[in-house]
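Here are my notes for your first read-through. Keep the sequence and the 3D view open side by side, and look up each residue as it comes.

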Amino acid sequence: MFSLGSSHRFYLYDGHCDMRKSFDGLCGLVTCRMQRQPTSGEVFVFLNRSRTHIKLLHWERGGFVLYYKRLEQGTFGRSTLKKGELSWSDLVLMIEGIQVVSSIQKKRYSLP
């Protein structure tokens, strides 16, 4: 069951990842290169050099979950990063292959 949502924090690995890496190899990248804890509950996103494969590493209660997608055509788009952090909407757009050329986000005001 896909249990990721907007309540999670997502971090994109800055370099290119060898997609042969599994749980331990990806945890090593998270610890050594990203300076984060793999068991923190955050979601770590990895792309290969040609941007045709994506892996998401996530710690859930009881163990690691690895999500993997390989595109048959095209590439995963580039996202706008904020210190390596992705928003939920950026991740969904990236995985679905939708590239936003320009967008404007308006503030929502609530009435008292």
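Does Arg-51 count as buried or exposed? Point 2 takes this up.

1. **The overall picture.** Start with the whole chain. This is a predicted model. The protein has two helices and five strands. Read from the N terminus, their order is β-α-β-β-β-β-α. Of its 112 residues, 34% count as buried. The accessible surface comes to about 8200 Å², and carbon and sulfur atoms account for 50% of that surface. Now take the contacts between residues at least 6 apart in sequence: 50% of them join residues at least 24 apart.

2. **Arg-51.** Here is the reply to the opening question. Arg-51 counts as buried, because its relative accessibility is 15% and the cut-off for buried is under 20%. Arg-51 sits in the loop between S2 and strand S3, which spans 53-60. Check its backbone too. The phi of Arg-51 is positive, near 60°, and the residue is not a glycine. Most residues other than glycine have a negative phi.

3. **Gln-35.** Gln-35 lies between helix H1 (23-32) and strand S2 (43-47). Gln-35 is not a glycine either, yet has a positive phi of about 55°.

4. **Glu-60.** Now look at strand S3, where Glu-60 is placed. Glu-60 is partly exposed, at 24% relative accessible area. What does Glu-60 contact, leaving aside its neighbours within four places in sequence? The partners are Ser-3, Val-65 and Tyr-67. Also find Val-43, which is 17 residues away from Glu-60 along the chain. The C-alpha atoms of Glu-60 and Val-43 are separated by 9.9 Å.

5. **A salt bridge across the sequence.** The model has four salt bridges. One of them pairs Glu-85 with Arg-9, with 3.1 Å between the closest N and O atoms. Glu-85 is in strand S5 (residues 85-86) and Arg-9 is in the segment before strand S1 (10-12), so this pair ties together parts that are 76 residues apart in sequence. Glu-85 is partly exposed at 22% relative accessibility. Arg-9 is also partly exposed, with a value of 43%.

6. **Two further salt bridges.** Arg-20 and Asp-18 meet through their side chains, at 2.9 Å from N to O. Arg-20 is exposed, with a relative accessible area of 74%. Asp-18 counts as partly exposed, at 32%. Then look at Arg-70 and Glu-72, whose side chains form a salt bridge of 2.7 Å, N to O. Both Arg-70 and Glu-72 are exposed.

7. **The cysteines.** How many disulfides does the structure hold? The count is zero. A disulfide is a covalent bond between the sulfur atoms of two cysteines. Compare Cys-27 and Cys-32 in the view. Cys-27 is buried, with a relative accessible area of 12%. Cys-32 is exposed, at 57%.

Definitions and conventions:
Residues are numbered from 1 along each chain as its sequence is written. This is a predicted model: local features need pLDDT of at least 70, side-chain atom pairs count only at pLDDT 80 or more; totals for chains, interfaces and linings use all residues. Side-chain values use heavy atoms; hydrogens and water are left out. Helices (H or I, at least four residues) and strands (E, at least two) are DSSP runs, numbered from the N terminus. Buried means under 20% relative accessible area, exposed over 50%, partly exposed in between (1.4 Å probe, protein chains only). Contact means heavy atoms within 4.5 Å. A disulfide is a pair of cysteine sulfur atoms within 2.5 Å. Accessible areas come from the Shrake-Rupley method with a 1.4 Å probe; for residues, only the protein chains shown count as cover.
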